[in-house]
Amino acid sequence: MLTDDLDERLRGIVGSQGLIEQRAEFERYCVSFDGVFRGSARYIVRPSSTAQMAAVVTACRRAGIPMVPQGGNTGLAGGAQPTDARSVIISLERMRALRAIDPSNDTMTVEAGMTLADVQMHAARVDRLFPLSLASEGSCQIGGNLSTNAGGTQVLRYGNMRSLTLGLEAVLPDGGVWNGLRGLRKDSTGYDLKQLLIGAEGTLGIITAATLRLFPRPRDFATALVGLPTPAAALDLLHLARAHLGESLNAFELMRQECMKWVLVALPGAIPPFAEEYPWYALIEAAGQGEPGTLRSPMEEALSKAMEEGLVIDGVLADSEAQRRRLWALREGQAEAQKAGGAGIKHDVSVPVSQVPEFIARADAALAKVVPGIRPFAFGHVGDGNIHYNPMPPLDVEPQAFTQRREEINRIVHDIVADLGGSISAEHGVGQLRASELAHYKSGVELRAFRALKRAFDPHGLMNPGKVLT
Ligand SMILES: Cc1cc2nc3c(=O)[nH]c(=O)nc-3n(C[C@H](O)[C@H](O)[C@H](O)COP(=O)(O)OP(=O)(O)OC[C@H]3O[C@@H](n4cnc5c(N)ncnc54)[C@H](O)[C@@H]3O)c2cc1C
């Protein structure tokens, strides 16, 4: 088949509503939400069913055209932007149905284009919780969350997308539909295709639906923001909070003073949480099924013990849902804070939880030596060992001059991460941003296995080329 009649074929499959032809509309799909990654595409196709998806993939494969699956386009690694201008972007935005919900099995099956916020809303309607929670949840889609193995603020208790998923349906690069929508907690029948597709960033196939785990919905929250002297104090506080709050500990998020300062600038109407500034802050939340107020006293006990031990300098415990939301806004506004604070070089790293203070101390010292005055923003999910370590330029250095040093700075930060047994991407994925870093840090054995897998699924290299593997 000639590529010239591909648009006719695609229109025949998805109808005129499913094919975007106005070039003016391409920008929304070809450019990442923050404008950092720009690509070009030949077509934007929006199938509305798995059958249409399979027919689109088959048509593109026959025409030898690269395919780029796209969800809500909130990814931070350039995974959803084409690196080849001949590509077809395949958007999941018309596949957003709730296929089934089974509260007595604690599962729901949704199409991949459903937004995370809608998944949470459908779970809440049957008095259940779907615990994945990201600041981008109004726009990101469950297919994108699966493909990046998204994490967020509640991994500490519930795990990331790998732990929250029981089954998948996907269209593989040859156009075949794999229906693995099983709501099973136990299944030992050979290779786990679902876990291969989760975190594959669309390089092994297109996820069209998923069966997700649901949990009891919490009724009681105890949420505190505390000021801390050091990351080491945060680590000790994490263990102390665990000892007092046990499994109810939901979130433990760290923020550096610089991050708090800029979120107060970036969020209209934000009020400083304390009269004084502190070197570090932690947002701690416990949640349970008991009567509202039940978790307040164990949280208070944990915090007063932490003050006695000098781990916490000051703290505030939310008195109302409105105050809880205001505290969370300071954490969830970090994307805006980073933008307001300058053009940073972002790192989404993880190290063993016990090594977080060591990582921050070594990275701060190493960067200060090569870029005096550098402002190392750092925040993240310290309970998972995942720090978003985003150095900003010194105030007297042009952002462009600073970002030109990206490779040198990446090497310094990632070498420390590797030395501490960590990962260069904890939850945002590799995309195009970290593909060469992945090649640098993975062993030859692991890279050979990755390439063999890619060839087995996608022998013609048409599924999201240029991502994950260079
Ligand atoms: C303000 C903000 C806060 C964020 N906070 C977090 C956070 O706390 N934790 C976190 O993990 N991430 C976070 N992110 C990053 C982002 O929201 C996640 O990576 C999210 O999972 C991406 O989903 P998406 O639907 O937007 O995917 P996209 O950006 O559209 O795509 C991401 C990747 O998945 C592939 N893909 C998308 N859909 C499919 C599909 N159906 N089948 C196969 N491949 C597919 C794409 O090709 C691409 O490689 C944040 C982003 C923003 C803007």
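**Notes on a predicted model**

1. Ser-91 is buried, with a relative accessible area of 1% (buried means under 20%, exposed over 50%, and partly exposed in between, with a 1.4 Å probe and protein chains only). This is a predicted model, in which local features need pLDDT of at least 70 and side-chain atom pairs count only at pLDDT 80 or more, while totals for chains, interfaces and linings use all residues. Residues are numbered from 1 along each chain as its sequence is written, and side-chain values use heavy atoms, with hydrogens and water left out.

2. Ser-91 belongs to strand S4 (helices, H or I with at least four residues, and strands, E with at least two, are DSSP runs numbered from the N terminus). A polar atom of the Ser-91 side chain lies 3.1 Å from the backbone nitrogen of Glu-93. Apart from neighbours within four places in sequence, Ser-91 is in contact with Tyr-29, Val-45, Arg-46, Pro-47 and Gln-70 (contact means heavy atoms within 4.5 Å).

3. Thr-107 is found in strand S6, residues 107-111. Thr-107 counts as buried because its relative accessible area is 5%. Its side chain makes a polar contact of 3.2 Å with the side chain of Asn-105 (a polar contact is a pair of N or O atoms within 3.5 Å; within protein, one must be able to donate a hydrogen and the other to accept it, and residues adjacent in sequence count only if both atoms are side-chain atoms). Leaving aside neighbours within four places in sequence, the residues in contact with Thr-107 include Ile-101, Asp-102, Leu-166, Arg-185 and Thr-211.

4. Which residues are closest to the ligand? Among the 36 residues that surround the ligand, the closest are Pro-69, Gly-71, Thr-74, Gly-75 and Ser-136 (a residue is near a molecule if one of its heavy atoms lies within 4 Å of it). By class, this shell has 13 nonpolar, 21 polar and two charged residues. Here Ala, Val, Leu, Ile, Met, Phe, Trp, Tyr, Cys and Pro count as nonpolar, Asp, Glu, Lys and Arg as charged, and the others, Gly among them, as polar.

5. Some atom pairs between protein and ligand can be listed. An N or O atom in the side chain of Ser-136 is 2.7 Å from an oxygen atom of the ligand. For the side chain of Thr-148, the distance from an N or O atom to a ligand oxygen is 3.0 Å. A nitrogen atom of the ligand lies 3.4 Å from a backbone N or O atom of Gly-152. On its own the ligand has 980 Å² of accessible area, and the protein covers 94% of that (Shrake-Rupley method with a 1.4 Å probe; for residues, only the protein chains shown count as cover). Strand S3 (67-70), helix H5 (142-147) and strand S10 (206-213) are the elements that give two or more residues to the shell. H5 supplies the largest share, four residues.

6. The structure holds zero disulfides (a disulfide is a pair of cysteine sulfur atoms within 2.5 Å).

7. Helix H10 covers residues 257-266, and Glu-258, Cys-259, Met-260, Trp-262 and Val-263 in it are buried. Among the elements that cover the buried residues of H10 are strand S12 (220-228), strand S13 (249-256), strand S14 (280-288) and helix H12 (321-332).

8. Most residues other than glycine have a negative phi. Asn-73 has a positive phi, near 60°. Asn-73 sits in the loop between S3 and strand S4 (88-91) and is buried, at 9% relative accessible area. Val-468 is not a glycine either, and its phi is positive at about 65°. Val-468 lies in the segment after helix H18 (444-457) and counts as buried, at 13% relative accessibility.

9. Asp-118, in helix H4 (residues 116-125), is partly exposed at 30% relative accessibility. Asp-118 and Gly-461 are 343 residues apart in sequence, and their C-alpha atoms are 33 Å apart. Gly-15 lies in the loop between helix H1 (6-14) and strand S1 (19-20) and is partly exposed at 25%.
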